[in-house]
Each structure stands twice: as structure tokens, then as C-alpha cells.
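Let's take a walk through a protein model together, one stop at a time. Keep the structure open beside you and look for each place as we reach it.

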Amino acid sequence: MFFTRTSKHTTSIIGSVSFYRQALAIALPVMGQLLIQNMVSLIDNFMVAGLGDVKMSGVNIAGQINFVFQVFINTICTSGGIFMSQYNGAKDTAGMQQVFRFKLVLCITAGIMYTAVCLYSPGPLLSLMVHGNAAGGPILAEGIKYMRTLSFSWIPAAVSTAIGSSLRETGRVKPPLIISVAATGVNTCFNWLLIYGNLNAPRLETTGADIATIIARLVEMVAFIIYLKKKYPPFFSRLRDIFSIKITLFFSILHKSALILVSEMMWVFSETVTTALYNSRGGAEVVSGMAAGFAISNLFFVCFSGITTITGVILGGTLGAGKLDEARIQKNWLLSGSLMLGAAASVLGCLSLFLTPVIYGNLSPAAQSVTRGLVLTSVLYMPVWAFVNAQFAVSRTGGDATMGLIVDVSTNSLLVIPGMFIMTYCTTLGPVAMYAVIKLTDFVKIICCAIWLKKERWVTNLAAQHHV
């Protein structure tokens, strides 16, 4: 049980030790899975860094565009997850199956479309990321080559994301962790073989990193499918039933998806624009240094996904069961817990500063300096980001996707993007200083979200409203 009703609990802002212990039991496997996935990215960066600043920069700009697609399919799954968690709380198997079909159909469709983009027209997208960069030409050539080869991984990735997110939203957090460990092992092994040509394998450099990722994605997808076939989780649907969709529910989820998608895409757009502006502040050392810094920072950014999953499973289950008063109190406990988790991640993040010379010793001293500055800045912002992620998670778990739309669109369009252009063309600040200044806008997001959450539009039993 995540909640025991007593008079003490009705006024408590911080939950009991048992509440947080059970919450961490959900979060830790999720964070472990993402930590392993981010370790793969770090290993990729480490191995590619040995090829020099230009090749690593090419991989990085491709990764920045690929990130947009990953956010897109994650948004589809997040939108479905709002309903999946509540149907799980209501023990509505038919509802869970409908949500899973929604995720799978849209994720695969998105995967097919993005694969075509990567194969046939990656150049125009990638050129946006190196506009004004002193080494733009060589970096762009490397990025195009990397993006085209990696395109074959996106359909398997889409299928795995749909299945893995559904397992987590129904409280089955360990299988995705185990499968990710296996896929990580495969990726690391083939990276070692193919990037540098170890054990008489062909030396393929960045293409080798692509091939290793494709193999790992295929292994991951097959493992998830085998798990579904053997365990039959409540959302399981046979292939022949995938298109047996209840239209009214499909469009209800799609409506939520549209709101969340606009919010997330606005955030991604602002991040992409700001990254392109960071990259204009020098040559390959800036692009590779910022990429290395984000690769290290991502190790402790996993707490954000842990917060989202905890909120979805606990709060979504409570709302789906119709226990609205309990959900109100759990909201406070989850927000307080996010601050504590963010502070813990901040402490651990400080230790990651020592990884820079070890992992990125092959990068230039200038690139390493950029990396250290970015990691330190990210560490200091961790509690802030953890809290704002928890606020968004609470709102979306209750089906209120409007808050994220308004807060993200207004903040990013009115403050972040104009602020970045002003700093780029009116100051001499370096990329790390620009990053530190522009992230102050997250305090504005926290204030806006706090005001919005008091309206309690998120206190909704979606499972009862959309009974299947």
C-alpha cells in the first residue's frame, strides 16, 4: 500500500519512509535501465572520441536530430501511459490493451517515417546544427554518414519503447531493466569489435558504432516480444488484434498526445535552437565538448524518468481507483520526494566531474574544458529540474496536458529562444555561460506550474470516464 489514511497524513508534505521506500522500488529499476542505456551512449562517446573532435562532432549533431524523434515516440508513449496507469489501477484489462495498441500503431508509423527521412534527406536537418561553425563542412559529412546507417535502428527502437513503457506503467519494472542490460552488453561488444577493428573485425569507425546500435536494438526488440509471448501481461494483444481499436478512446488519447506533443516539441525545438547557437561559439572543440558534457550529465538525468514513472504508477493507480483525496496528498509527497532525489543526483553528479579526463582524454584540452563546465552547471540545476519534472508528471498523470502546453510554449517562445539569440549576437559569453544563464528560466516554469496545480484539474479518474 502506498497510502494509509491518518490525520497526520492529511497535512503532511513529506511522506513516510515506507512510502518512499516503495516508490524507490519502482524507480530504481527504471533509473537503472536508463542509466545502462546512457552508459551505452557514454561508451559510444568514449570510443568515438578516440577518432578525434570532428568525427565525434558528426556523431553528436546526428544525435541531436535523432533526439527529436526519440522525444516524439516517448511523447506518444507518455500520452498512452496516462491512460495505461489509470486502467491498471482500475484493473481494466480491455482498456490497457486498447492503450497498448494505440502506442504500437503510432510508434511504428513514426519509426517508418523517420527511417525514410534519415535515409533520403538527412543533410538539410544536420546543416542547421553547424551553421556558423568553423569546422561545419567536415562535421556535416560525418553526421550524414552516421545518420543514414543508424536509420535502420528506428523501427526496432519504436517497438521496444512501446512495450517497455507499457511494462513500467503497469508496475513491471524489472523486465525492461534486464533486457536493457542484455542489449547494452551486445552494443558494447560490437562497438569494441567494429569501431577499431579488434579481433580481426573490420575497422569501420563511426559506421561500426551504427552497426553495433542496430544489432543491439534488434536484440532488444526480439527480447521484449519473447517476454510478451511468455508472460502475457494484462495489456498483451495478439498481432491480428493490433488494429482492433476503439475509435473514441483512440481519439481521446490522441487529443492528449497532441497537447503533450506540442509542449514537448516546443521544448525540443528550443533545445535544438539553443544547441545550434552553442555550436556557433567556436569549432569542433565546442561541439564535441558540449556533446561529452551532455553524455556525462545524462547519467544523473535518469532521475527524471524515475520521477515520471513513480508518479504514473502511484498517482495514476490511485486516481484510477477513484481515491481522489489520497491522490491529493500523494501529490505533495511526490513533489517533496523529487527535490530529495534531485539533491541526491546532484551530489552524485559532482563525482562525475572526475570522469572527464578518464573518458575524454583523447579530446582536445579546449573540448575537455567545455565538458567540465557543462557538467558542473548541470549538477547545480539538478534539484530544480527534478522538481519541475515532478510538476509536469503530476499534471499529465491526471490527464491535464494543458499545463505543460501553456508553460512550455510560453516560456520557451518568450524567454528561452529570444534570450539565446540576444546572448549570441549581443554578448561574448561562451557556450557554458550561455547554458547557465538561459536555464534560469526554469524557475519561471516552477512558479507557473505551482499556480496551475492548485486548480486541481489533474484530479481526474480517467478510467471511469473512458471505461472500455
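**A guided walk through the helices**

Leaving aside neighbours within four places in sequence, Ala110 is in contact with Phe69, Phe72 and Ile73, where contact means heavy atoms within 4.5 Å. Before going on, a word about what you are looking at: this is a predicted model, in which local features need pLDDT of at least 70, side-chain atom pairs count only at pLDDT 80 or more, and totals for chains, interfaces and linings use all residues. Residues are numbered from 1 along each chain as its sequence is written, and side-chain values use heavy atoms, with hydrogens and water left out.

Back to Ala110, which is found in helix H4 (residues 93-120). The helix names come from DSSP runs numbered from the N terminus, with helices being H or I runs of at least four residues and strands being E runs of at least two. Is Ala110 buried or exposed? Ala110 is buried, with a relative accessible area of 9%; buried means under 20% relative accessible area, exposed means over 50%, and partly exposed is in between (1.4 Å probe, protein chains only). For a sense of distance, find Leu353, which is 243 residues from Ala110 along the chain. The C-alpha atoms of these two residues are separated by 37 Å.

Thr161 lies in helix H7, and Thr161 is buried at a relative accessible area of 19%. In H7 (residues 154-169) you will also find Ser166. Ser166 is buried too, with a relative accessible area of 0%. Which residues does Ser166 touch, not counting those up to four places away in sequence? They are Met84, Phe100, Lys103 and Phe235. A polar atom of the Ser166 side chain also lies 2.8 Å from the backbone oxygen of Ala162.

Now let's see how helices pack. Two packed helices are described by the angle between their axes and the distance between the axes. Here, axes are lines fitted to C-alpha atoms, for helices over the stretch in contact, and angles run from 0 to 180 degrees between N-to-C directions.

Start with helix H12 (residues 302-320) and helix H15 (residues 365-397), whose axes come within 9 Å and cross at roughly 30 degrees. H12 and H15 are therefore roughly parallel to each other (angles under 35 degrees count as roughly parallel, over 145 as roughly antiparallel, 65 to 115 as roughly perpendicular and the rest as oblique). H12 passes H15 in a right-handed crossing; a crossing is right-handed if the near helix is turned clockwise from the far one by less than a right angle, and left-handed if anticlockwise. Among the residues making the contact are Phe304 and Leu315 of H12, and Trp385 and Val394 of H15. The residues of this contact divide into 11 nonpolar, 6 polar and no charged. In this count, Ala, Val, Leu, Ile, Met, Phe, Trp, Tyr, Cys and Pro are nonpolar, Asp, Glu, Lys and Arg are charged, and the others, Gly among them, are polar.

While you are in H12, look for Ile310. Ile310 counts as buried, at 8% relative accessibility. Leaving aside neighbours within four places in sequence, Ile310 is in contact with Ala23, Ala27, Leu315 and Leu334.

Our last stops are in loops. Most residues other than glycine have a negative phi. Leu199, however, has a positive phi near 55 degrees. Leu199 sits in the loop between helix H8 (174-194) and helix H9 (206-231), and counts as exposed at 67% relative accessibility. Glu456 has a positive phi as well, of about 60 degrees. Glu456 is found in the loop between helix H18 (441-453) and helix H19 (462-465), and is partly exposed, with a relative accessible area of 33%.

Note on methods:
Polar contact = N/O pair within 3.5 Å; in protein donor to acceptor, adjacent residues only side chain to side chain.
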